[in-house]
Each structure stands twice: as structure tokens, then as C-alpha cells.
Amino acid sequence: MSLLEVKHLKTELVTYRGNVKAVRDIDFAIDEQEIVAIVGESGCGKTMTCMSVMNLFAGNSGRISEDSEIIFEGQNLARLKEKELRRIRGAKIGMVFQDPAKALNPTERIGAQITDILREHKKLGRREAEDEARKLLRRVGINDEAGRMKQYPHELSGGMCQRVVIAMAIACKPRLLIADEPTTALDVTIQAQILELLEELKAEYKMSILLVTHNLGVVASVADRVMIMYGGKILEMGTTEEIFYQPRHPYTRALLETIPGDGNRGRPLRVIPGTPPGLLHPPKGCPFLARCKERMKICSEEFPEGYMEGGHRCHCFLRSPEYLRWREGIEVSDTLHSLSVPDARL
């Protein structure tokens, strides 16, 4: 049974230029004690997906469509009132934000920021909360916890701040931890330590983790399943092994080709030509159309359904039964002619 099930999620951001379609009708699920990673370029909708799960939009800055479903422990979070959501945020769903310096209050001591969460959700007294806060800091690898609790965020390094944010996120032993780019702006050694810590916490607290990253190396080391996101859409989803060794979507293959390797020494790094589409007026069909070398006419007309191969889902007409039959020399119907024939390529 899935811990979190998201259906038809559509989220718009309200701006002075119009509504940005940040997340455009996506479906996914996270099972118990599973790490699922969302991968994609900046601006593809990864963070907005996480913000939607938590419904963390101030005022009317973001809108989740009425037909969206975010089912967590039998409740549709998209339809809960703010008072009800506050009982879940921090207590049952924790979040590690992308920039720890901005996630922490610069005017409050570290200890106070952790104890506030414990007193609010676990109803602990001041001394009990302080004792628990010290234990949490030790658990995330911060020594001299009593001294650190008296410090302000600006007195800590980036890696230390990230550990504090993780301590705050796990304070109430949530069932789901959302980690939005938890290793961004950290050096390689600290990145490895943070990832190792997340894996340990998953096993210790029996948590599920939704991990957002653009670093495919991070994905390979910790994730059970991977979602490839682009232009507000999920283009491919499968196990980590399937995504790395049997990628189906042209965008996934292009991403993997950009990973530096020993065979690329002395050569320029590979890039994906072009830029992601603007989501103020997103394309009608496949969002990767303009950058895809294998595009066809139908790709500009509609977004393909998710073609399943076992548990591996790919939204690309190249994986459609009609196209695969045509490649094998089998006749296809006239209605699918634009999809099938070679001269249909743009």
C-alpha cells in the first residue's frame, strides 16, 4: 500500500504576467520506507511538486486544481483547511528545504527553533524539549550540541545548517520526509555525509523519502525509484536500475549523456542544446519537443499517455505499441499514419 498517492496534480503560480503552469497533471506514488527521487533541470517543477504536497503556498500565490488528489493516510491534503494541514506538517510530513540559510530564522537561536517544533507537535515541556533537541543534534552529527543550541544560524557553516534543518524535519519522526535539493551548495565530502545520514534516518525511523535533485550521482547512490520531470510533466518513471541502464525517453537519455565520465577526459562536457519551455504558455504536446532529435509531428499535437513496460512508465510516442509495431514492419491504421511513418519526423 502506498504511503502517498498523487493523482492529476496541477499547480499554478500566480504572477503579474499571468498564471505559470508549474505542475501539469502528474501522477505518482511513494510506498512505505521507499526513497523516490525527482530529477530534472531547474524550473521543471520539482520544487513546486513538493510545495504542492505540503500545500505551502502563502495566500493566493499558488493554486492546486480542484480535481487534484494528494492522498496521505487516507486524507486528501489538497482539500484540507490550513488548521488541519498544520497538524500534519512537521508532525507526519517533514521537509528539508533547498536553502538551509533561508529555512532557518536568522533572529532565533538554533535550540529555540528545534524546541518550538517539539513543543508545538509533541506538547513537551521546555526542559524535555531541550533534552530532545540535544539528542536530535547529536543524531545528525553535530557535536557540542549544548553550545550549538545557543548559536544563531549565521554562526554555523552551510553543512551544519543543513544538519540543523534535517534535525528539525525529523524532530517528530515523520512518516514522509521531503528533501528538496539537500546537498546543493555543499562540498562533495559533506554531500556524501548528508546522503548517508538520510539513508540511516530512513532505516531508523522507517520513513519514506521524496528526494528532489538535479544530481544524477545522488540518485544512483540512494534512490529506489526515479521520476524524470521536465516542463511540469513527468516524462519517465522506473527503478533506479531501469532509468540508468534502460532509459526509454529521449530526455532521460540526453540527461545521462551529460554525466562526466572517465571516457570524457580532455573533451568538452556534453550539453542538451536549447532551453526548457516557458510554463506561462506551455506547449500543447511533449514539452521536450523543441530539443528532441527524434520528434515527430504528433509530438507537437498531444502529450502521450504513459506507456507501461512492467513497472517502467514512459510518456513518449516512441514507446507506443503502434510505433513499435511499425518498426517491426507490421501494418498500422491510417489514423496513426502521422505517428508511424519516417517522413512524419519534423
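Q: Which cut-offs decide whether a residue is called buried or exposed?
A: Buried means under 20% relative accessible area, exposed means over 50%, and partly exposed lies in between, with a 1.4 Å probe and protein chains only. Asn55 counts as buried because its relative accessibility is 17%. The model is predicted, so local features need pLDDT of at least 70 and side-chain atom pairs count only at pLDDT 80 or more, whereas totals for chains, interfaces and linings use all residues. Residues are numbered from 1 along each chain as its sequence is written, and side-chain values use heavy atoms, with hydrogens and water left out.

Q: Where is Asn55 placed, and which residues does Asn55 touch?
A: Helices (H or I, at least four residues) and strands (E, at least two) are DSSP runs numbered from the N terminus, and contact means heavy atoms within 4.5 Å. Asn55 sits in the loop between helix 1 (46-54) and strand 4, and, not counting residues up to four places away in sequence, touches Ile64, Leu77, Ala78, Leu85 and Arg89.

Q: Is Ile64 buried or exposed?
A: Ile64, which belongs to strand 4 (residues 62-64), counts as buried because its relative accessibility is 14%. Leaving aside neighbours within four places in sequence, the contacts of Ile64 include Leu9, Phe57, Ile70 and Arg79.

Q: At what angle do helix 7 and helix 8 pack?
A: Axes are lines fitted to C-alpha atoms, for helices over the stretch in contact, and angles run from 0 to 180 degrees between N-to-C directions. Helix 7 and helix 8 (residues 188-205) pack at about 15°, with their axes 11 Å apart. Helix 7 is therefore roughly parallel to helix 8, given that angles under 35 degrees count as roughly parallel, over 145 as roughly antiparallel, 65 to 115 as roughly perpendicular and the rest as oblique. Among the residues making the contact are Gly159 and Ile166 of helix 7 and Ile194 and Leu201 of helix 8.
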